[in-house]
Amino acid sequence: MFSKQLLSAATALSMASGVFGVGCSDPTATIASAADATQIASCETIKGSVLIGRNAGPDLDLGGKLTEIGGDLTCENNGILNSLRSTSLQTIGGSFKLNNVTKVSTLNFPALGEVGSIDWATLNALPEPTFGTPGITKAKSVTIADTFIENIDGINVDSLSDMNINNNRRLTKFSTSIKSLSNTLYVQANGLNLTMEMPNLEWIANMTIANVTSFSVPSLKTVNGSMRFDSNYFETFSAANLTEIQDGDLSFVSNPELTNISIPTLTRIGGGCTIANNTALKKVDGLNKLQTVGGAVKIGGSFTDVELAAVQDVKGAFEVVSTEDISSSCDTLGKLQTSVVQGKYNCTGHVANANDDTSSASSDGSSSGNSDDKKNAASPIGASMSTMVSLAALGALVTAFL
């Protein structure tokens, strides 16, 4: 009797530990070993999600028959995994999520073309993910944060809702064929010499760009919300085809190397216009077709010339201050005071602290601090079925000895 009970308990424990494998139709197929990965790879489709356990590794291969994961592919808080690959996987319906996978140095998915989203954070050993040609061409959002990734050129999605690239200290180049972004592009605190090229981008809702050495958007035509550039290192900014910022602000703040802003076809800014503390900028003369500003205009710096020849309507206040002599510009701009500017008007030169105020222009002419979008992350907490089965099996084993 004792032997039979012990065998029964051992059988239950083996089931809990995955000896009997995972199914192609499981809501969540959990990989605890390389053998589990091989079994999952024998399925053509995983209808649910695939979860890589904290102690799975060091090398996992999902290549074989597997072409689609209907849900998420997730690995979190794993300090063992060195490589994750699949030559066959084409589609991840949910999120491709890697979070705090500190030793993974190889990520190879040459057939992967479609994901619901990419969400990677704290990948301390991965220099570059390997995708095929043309790479990932369909996704809803991309977040890559706090990694050692040096190159992410394999992400070639036509349209996204969000892209967040931040705190990737070794990332020095990013070129993408994205044509539209329906919510936010957020780039900040990456490699010191990051060059960013978006040659096909035509339309975007909002963008915040910081700490970039070069930024190119030659095809950009429309910004629905705001366009902000803070603490960058590029010398020139050009958006030759941008005609309208529909509802938000245009902002250039604390870009110390900036010598030229050229947006020659821009006619309307729906919100405010802020150009402040760009100490190398000696002329503000690249907005010569700007006619309407829905908020305030706030320009401060060390320039000698400001040209806004086409402005016809400023809904908020109008302030131009410089450390230098701008009396000639103020004489020209003075005509805006009575018929164009609806708020307070100020144009003054020889202001010693003209570079100090970097707050944003608002619709009523008052100042407000920058309110860049913050990245939030939340993780659901729950008891997994495998954990409950393991506890049940352990209980059976204890009972067998009693």
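The structure holds two disulfides, a disulfide being a pair of cysteine sulfur atoms within 2.5 Å. This is a predicted model, in which local features need pLDDT of at least 70, side-chain atom pairs count only at pLDDT 80 or more, and totals for chains, interfaces and linings use all residues. Residues are numbered from 1 along each chain as its sequence is written, and side-chain values use heavy atoms, with hydrogens and water left out.

Let's start with the bond between C24 and C43, whose sulfur atoms sit 1.9 Å apart. C24 belongs to the loop between α1 (2-17) and β1 (28-31), and C43 to the loop between α2 (34-41) and β2 (45-46), so the bond ties together parts 19 residues apart in sequence. Helices (H or I, at least four residues) and strands (E, at least two) are DSSP runs, numbered from the N terminus.

The other bond joins C330 to C347, with an S to S distance of 2.0 Å. It links distant parts of the chain, 17 residues apart: C330 is in helix α3 (residues 327-333) and C347 in strand β33 (residues 345-348).

The link of C24 and C43 is left-handed, with -80° about the S-S bond; for C330 and C347 the angle is -80° and the link left-handed. Counting the bonded cysteines in sequence order, the pairing reads 1-2, 3-4.

Buried means under 20% relative accessible area, exposed over 50%, and partly exposed in between (1.4 Å probe, protein chains only).

| Cysteine | Relative accessibility | Class |
|---|---|---|
| C24 | 33% | partly exposed |
| C43 | 4% | buried |
| C330 | 14% | buried |
| C347 | 16% | buried |
| C75 | 0% | buried |
| C273 | 2% | buried |
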